[in-house]
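User: I am new to reading protein models. Can you take me through some side-chain features, one at a time?

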Amino acid sequence: MTANSVNTTTTEILFAAFNCFSILVCLLAAILVCTYRLCSTVVYRLALYQVLSSLALAGVSVLQIVFVDYYSNPEAYGRACVAIGWSFTYAEWVKLLFTMWVTFHLFCFAVLHKNLKKLEVLYVGTSLLVPAVIASAPLITDTYTLSPDGACYIYVKIDATRAAAIERFALWDGPAMVILLAASTAMIVMVIKLAKTLCGRSKYEPITDGDQYWRALKQLLPLAAFPIVFFMFEIPEFIFHVYLARIPTPEIGITIAVKICISLWSMASGLALTIHVLVAKCSLKRTRIECIQPSMSAYGSRSMTA
């Protein structure tokens, strides 16, 4: 066994371990949403779809460990590698589009004050059908193969044509960076607007429908982590693919770091939704207490003045 194969095996084992943990985190988030019956609103369902797509992405990533012995029998592993490559690309795009739609829905609700729940069919339809078309493009050009980092994906060789080199960035890196940058910017604008509104309100004002509206928005803030964290972890992968296009054999340390970032995509989604659900439930209990306190204090003040 060569040193390169040992490094590849070590990388894939670590990659699989991180993704197994990500699967558990995503399962926990999905169980919490279902346990508290939060699927009655569109934003919760979109967040759940996003976490389920993250779970699927982590599951496909775990299967990459099968190809640690790829070069011992390339013909036998070839078709399986293509299937895993297609599944990975599809899951990546499903996660990306659901992240985009969650951001879009929250931005319209918080900044534009529009509830676009009737667009749920559009959200789900585009998030499931568009990735299938995009993931099928490399089947035509036959670019699903084992890359030097040990994963079956869209890999462009060093001596490939310029058109083939553009394909890798056109089918994922370029669109992902643009969408995630726009989504992250939208979330930051939403958070700033919400913070300014909340800071301008007095804590001694009575509980009103408007207060409950803003409290609901505060509960949704953990979901702002979806595009921002996704964007942060996508940057190392983008840089790695540029590096990989120039250097055929990447260093083991760089490969491990990038694979950990890819694993953290799914883990971060599960953690964000888990935190969101816990914050939402705590805020709901606090709201019930605060709704009782004003009436009690009013009764007490009348007694004191009587």
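**Reading side chains**

Analyst: Leaving aside neighbours within four places in sequence, Glu 234 is in contact with Trp 172, Asp 173, Ala 176, Met 177, Leu 180 and Trp 265. Keep in mind that this is a predicted model.

User: Is Glu 234 buried or exposed?

Analyst: Buried means under 20% relative accessible area. Glu 234 has 0%, so Glu 234 is buried. Glu 234 is found in helix H7. The side chain of Glu 234 also makes a polar contact, at 3.4 Å, with the side chain of Trp 172.

User: How do I read a pair of aromatic rings?

Analyst: Use the distance of the centres and the angle of the planes. A search of the whole structure finds 8 aromatic pairs. Trp 86 is partly exposed at 25% relative accessibility, and Tyr 90 is partly exposed at 21%.

User: What kind of pair do Phe 169 and Phe 238 form?

Analyst: An edge-to-face pair, with 6.2 Å centre to centre and 75 degrees between the planes. Phe 169 lies in helix H5 (residues 162-199) and Phe 238 in helix H7 (residues 225-244), so this pair ties together parts 69 residues apart in sequence.

User: Which residues do ring pairs link into a cluster?

Analyst: Trp 101, Phe 104 and Tyr 123.

User: Which charged end sits over the ring of Phe 230?

Analyst: That of Lys 95, 4.7 Å from the ring centre.

User: What is a disulfide?

Analyst: A covalent bond between the sulfur atoms of two cysteines. The search of the whole structure finds 1 disulfide. Cys 81 and Cys 152 form it, with sulfur atoms 2.0 Å apart. The angle about the S-S bond is -115 degrees, and the link is left-handed. It joins distant parts of the chain, 71 residues apart: Cys 81 is in helix H3 and Cys 152 in strand S2 (residues 152-154). Cys 81 is buried at 1% relative accessibility. Cys 152 is buried at 0%.

Conventions:
Residues numbered from 1 in each chain as written. Predicted model: local features only at pLDDT ≥ 70, side-chain atom pairs only at ≥ 80, totals over all residues. Heavy atoms only, no water. Phe/Tyr/Trp six-rings, centres within 6.5 Å; stacked < 30°, edge-to-face > 60°. Buried < 20%, exposed > 50% of the residue type's maximum accessible area, 1.4 Å probe, protein only. Helix = DSSP H or I, 4+ residues; strand = E, 2+ residues; numbered from the N terminus. Lys NZ or Arg CZ within 6 Å of the ring centre and 35° of its normal. Polar contact = N/O pair within 3.5 Å; in protein donor to acceptor, adjacent residues only side chain to side chain. Contact = heavy atoms within 4.5 Å. Disulfide = S-S within 2.5 Å.
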